[in-house]
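Colleague: I would like to learn how to read a model like this one. Can we take the features in turn?

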Amino acid sequence: MRQAVRGYGRQALQSVTQRRVTVGKAIPAPVGGWDAQSPLANMPPENAVILDNFIPRAGYVELRKGFIPWQTALPLPVETLMVWRGGFASVADDIFAACGGSIYDVSNQDDTPVEVYTGTGSARWQWINFANDAGTFLIAANGADDPIYYEGTTFTATAITGTAGAITLDPRTLVDVMDHKGRLFFVQEDSLRCWYLEPFAIQGTANLLDLGPIFDKGGSILCQATWTLDSGSGADDLAVWVTTQGQVAVYQGLDPSDANNWALVGVYDLGLPLSRRGLIKYGSDLVLLTTDGVVPLSQALKLDRAQENLVALTQRIQNAFQKASQSYRSNFGWEGVLYQKGTLAIFNVPEAPLSRSVQFVQNVQTGAWCRFTGINAFCWAVANDQMYFGTTDAVCQWDTGYADDETGIVADMKTAFNYFGSRGDLKKFEMLQPVYRIANNISPAVEVVTDFKESIPTAVPTTIRTTGATWDFGVWDSSVWASATETRDSWTSVTGIGYCGAVRLRVEPDPLLFLDLAVDDDTVVSYDGDGIVSIQEPSRATNSTVEIVAFNLKFQNQTGGQL
């Protein structure tokens with residue numbers, strides 16, 4: 001008598017078939033941000049392997065905004081942006097760009113840059129705003145020229161002198177400036193010396209503060225700042241100096257010449273600093289850009305250097321940051337800036353000297369990270385609550401519109417790989433449902449990537465239209481005129497077999513708009529075979545919102561073997 005082969009009877013086959021049911025699972029938007037530290041096989045589901053040009057917010061991620069040229073035709077790369085703040089709400093900030101041997105007034109959009117100071121030996125200025133009874137001043141030093149000040153009208157070289165025994169100060173060697181409790185401190189380049197003025201003075205006789213005896217590793221002072229422990233200005237403010245060797249000296253007091261009013265708090269060892277502009281005020285704290293990451297002094301000074309990564313702001317992206325610092329440490333352009341309007345901390349990473357940069361960006365409210373690409377900035381500054389950066393031959397305003405000048409913003413994300421609760425089961429992915437709020441004329445490319453593979457979905461730029469029907473071509477009272485944005489949740493087919501899966505989404509809006517506007521000098525007019533006119537212009541101020549909320553997946557569990 002014939003018998004069924006063991007394991008392949010009707011019951012066994014039915015069991016296998018039953019186990020291949022379609023399962024639905026959800027993946028959250030990567031609001032936890034870019035993760036360049038966790039193991040790929042054990043990454044939190046709310047994090048992302050890739051998060052380029054998407055900003056993680058609380059509950060969703062959004063496409064970053066773009067930039068527009070503010071002033072162009074500058075003769076050389078802009079290496080410093082300086083801002084004078086008049087102190088009155090009715091007085092707009094003045095913006096200055098330093099490039100080559102000159103400083104230019106770039107306060108007004110689309111004006112021709114106006115040269116206001118010339119004959120300088122370096123375009124890399126360190127600057128602060130400082131106020132006394134005589135007014136409000138922009139004070140700047142560059143280590144090649146006498147420090148300068150601007151009082152709202154003109155730039156003027158300061159008159160600073162100083163002697164200490166056999167040491168005579170050359171004011172052209174002063175390279176950095178700090179306001180500590182109403183007194184200006186200047187760092188002397190390539191030394192461990194500081195010089196300080198009388199209270200509230202912007203020039204005059206300077207006194208020597210020699211920090212050489214307390215820094216036992218040598219080097220020179222790279223940067224300095226006041227540490228305002230209570231987020232304000234008061235008696236508990238500390239003065240901080242950082243050397244090229246990563247040593248940090250902290251002092252408390254008001255007058256270095258008075259032993260009863262000046263005391264050393266301590267000297268600490270941190271990672272090697274990356275930039276003279278790498279010591280940044282961060283709320284009530286100071287953070288320092290080092291080869292070990294972006295470290296807050298309030299935490300790092302309590303620990304051994306080997307433990308810095310435990311408290312670094314960049315802990316979640318530590319591998320990426322350390323790789324960047326090792327590769328690009330010597331390049332000019334490492335800088336950090338807080339953008340309060342956008343609740344972001346932007347850290348500039350110069351990948352090539354004065355030509356190519358990316359930015360590591362943190363949402364200061366949630367601590368989540370992302371990366372910006374396509375913004376080749378050399379320096380940053382905030383003026384009139386807006387963000388500006390200097391580039392090859394221009395000053396640009398960032399956080400406006402949804403195009404980088406006239407170039408589309410390529411945004412890319414890959415969520416954490418997810419086993420969906422069954423690491424040992426093979427899965428056949430079939431359907432994907434992105435849930436997002438998006439401009440109705442943008443179609444992101446999406447796919448499911450399995451088992452840690454690299455795969456880039458093909459994103460065909462979608463031409464943006466302001467309406468659902470073409471002007472003079474739709475049927476009046478019949479054609480549907482679409483809204484600027486809509487929430488979409490349609491399903492799309494995907495393919496992929498693996499034990500784990502991640503969603504890869506890529507979007508690249510076309511920077512040209514089809515508009516129903518009169519033709520002006522900035523538009524591009526084209527004709528098709530029937531003579532129909534398309535009017536296009538850059539989408540700098542258009543609504544191209546992309547907000548990702550979640551992803552839903554459907555897959556078959558292939559435990560019983562592939563079909």
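Colleague: What should I know about the source first?

Modeller: This is a predicted model, where local features need pLDDT of at least 70 and side-chain atom pairs count only at pLDDT 80 or more, while totals for chains, interfaces and linings use all residues. Residues are numbered from 1 along each chain as its sequence is written, and side-chain values use heavy atoms, with hydrogens and water left out.

Colleague: How many helices and strands does the protein have?

Modeller: Elements are DSSP runs numbered from the N terminus: helices are H or I with at least four residues, strands are E with at least two. Here that gives three helices and 50 strands.

Colleague: What share of the residues is buried?

Modeller: Buried means under 20% relative accessible area, exposed means over 50%, and partly exposed is in between (1.4 Å probe, protein chains only). Of the 563 residues in the protein, 52% are buried. For the surface, areas come from the Shrake-Rupley method with a 1.4 Å probe; for residues, only the protein chains shown count as cover. The protein exposes about 24,900 Å², and carbon and sulfur atoms supply 48% of that area.

Colleague: What share of the contacts joins residues 24 or more positions apart?

Modeller: A contact means heavy atoms within 4.5 Å. Take the contacts with a separation of 6 or more: residues 24 or more positions apart account for 61% of them.

Colleague: Now the cores. Which residues have the most contacts inside the largest one?

Modeller: In soluble globular proteins, nonpolar side chains tend to be buried together. A nonpolar core is a set of buried Ala, Val, Leu, Ile, Met, Phe, Trp, Tyr and Cys residues joined through side-chain atoms within 4.5 Å. The largest core has 64 residues, and Phe54, Phe360, Trp380, Trp398 and Ile548 have the most contacts inside it. Apart from it lies another core of 19 residues, among them Leu222, Val240, Val242 and Val311.

Colleague: Which residues does Trp398 touch?

Modeller: Leave out residues up to four places away in sequence. Trp398 then touches partners including Arg64, Phe67, Tyr339, Phe372, Trp380 and Phe389.

Colleague: Next, sheets. What is the order of the open sheet of four strands?

Modeller: Two strands pair if DSSP finds at least two bridges between them. The order is S11-S12-S13-S14, with antiparallel pairing. Strands S11 (126-132) and S14 (155-157) stand at the edges with a single partner strand each, so one side of each is left without a neighbour in the sheet. The twist averages 30° from one strand to the next. Axes are lines fitted to C-alpha atoms, for helices over the stretch in contact, and angles run from 0 to 180 degrees between N-to-C directions. Seven bridges join S11 to S12 (residues 135-141). Trp127 stands opposite Ala140 in S12.

Colleague: Where does the hairpin of S19 and S20 have a positive phi?

Modeller: Most residues other than glycine have a negative phi, and most peptide bonds are trans. In this hairpin, four residues lie between the strands, and Asp190 takes a positive phi near 55°. Three bridges join S19 (residues 183-188) to S20 (residues 193-196), and the two run antiparallel. Val187 has Cys194 as its bridge partner in S20. Strand S20 also has four bridges to S22 (residues 207-210), again antiparallel. Trp195 is partnered there with Leu208.

Colleague: What is the phi of Leu354?

Modeller: Leu354 has a positive phi of about 50° although it is not a glycine. Leu354 lies in the loop between S31 (344-352) and S32 (356-363). At 26% relative accessibility, Leu354 is partly exposed. Phe452 also has a positive phi, near 65°. Its place is in the loop between S41 (445-450) and S42 (464-465).

Colleague: Last, how many salt bridges does the structure hold?

Modeller: A salt bridge is a side-chain nitrogen of Lys or Arg within 4 Å of a carboxyl oxygen of Asp or Glu. The structure holds 14. In one of them, Glu79 pairs with Arg124, the closest N and O atoms being 2.4 Å apart. Glu79 lies in the loop between S6 (67-71) and S7 (80-84), and Arg124 in the loop between S10 (114-118) and S11, so the pair ties together parts that are 45 residues apart in sequence. Glu79 is buried at 12% relative accessibility, whereas Arg124 is partly exposed at 34%. Elsewhere, Asp412, Arg504 and Arg506 are linked in a network of salt bridges.
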